[in-house]
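Hi,

Here is the structure I promised to pass on.

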Amino acid sequence: MIIDDDIYGKSNSELIIELGNRFKQYRLTCRLTQKEVAERAGISLYTVKSFENGRALNITMGSFFSMLRAISFLDEADKLLPELPPSPYLIEKMNKQKPKRIKNGR
């Protein structure tokens with residue numbers, strides 16, 4: 001998500017500010033105004049402006065997802081917390097439950 005090697009050294013506020021800056025770049029690439037994003041997302045223009053300017057440090061996940069949806073980048077939200085692969089324990093358990101062979105039903 002964040003390119004810096006020291007992501008854990010950043011505060012939550014710093015991470016949100018960086019996301020706001022990135023969001024602004026995405027919005028501009030999509031050639032949308034802040035007002036258009038606010039209308040499409042169903043949120044206030046103030047929320048969009050505050051997020052992009054680094055002042056909305058308590059933005060809700062709902063507002064964030066609505067803004068991503070408004071610029072057609074909601075699929076990128078999956079990268080925030082991708083699904084975990086099955087654990088080795090679960091795979092082993094499933095393999096033990098598999099039959100060794102299947103009898104022909106004559």
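Arg 31 counts as exposed because its relative accessibility is 76% (exposed is over 50%, buried under 20%, partly exposed in between, with a 1.4 Å probe and protein chains only). This is a predicted model, so to speak of local features we need pLDDT of at least 70, and side-chain atom pairs count only at pLDDT 80 or more, while totals for chains, interfaces and linings use all residues. Residues are numbered from 1 along each chain as its sequence is written, and side-chain values use heavy atoms, with hydrogens and water left out.

Back to Arg 31: it sits in the loop between α1 and α2 (34–41), and has a positive phi of about 60° despite not being a glycine. (Helices are DSSP runs of H or I with at least four residues, strands are E runs of at least two, and numbering starts at the N terminus.)

Ser 72 also has a positive phi, near 65°, and is not a glycine either. You'll find Ser 72 in the loop between α4 and α5 (88–97), and at 56% relative accessibility Ser 72 counts as exposed.

Now for the second largest pocket, with a volume of about 260 Å³. A pocket here is an open set of points on a 1 Å grid over the protein atoms alone, where a 1.4 Å probe fits, with protein on both sides within 12 Å along at least five of seven lines; lining residues have an atom within 4 Å of a point. Points are joined across faces, edges and corners, and the volume is the space filled by probe spheres set on them. Of its 11 lining residues, Asn 12, Leu 15, Ile 16, Leu 19 and Met 61 are the closest to the centre.

Cheers
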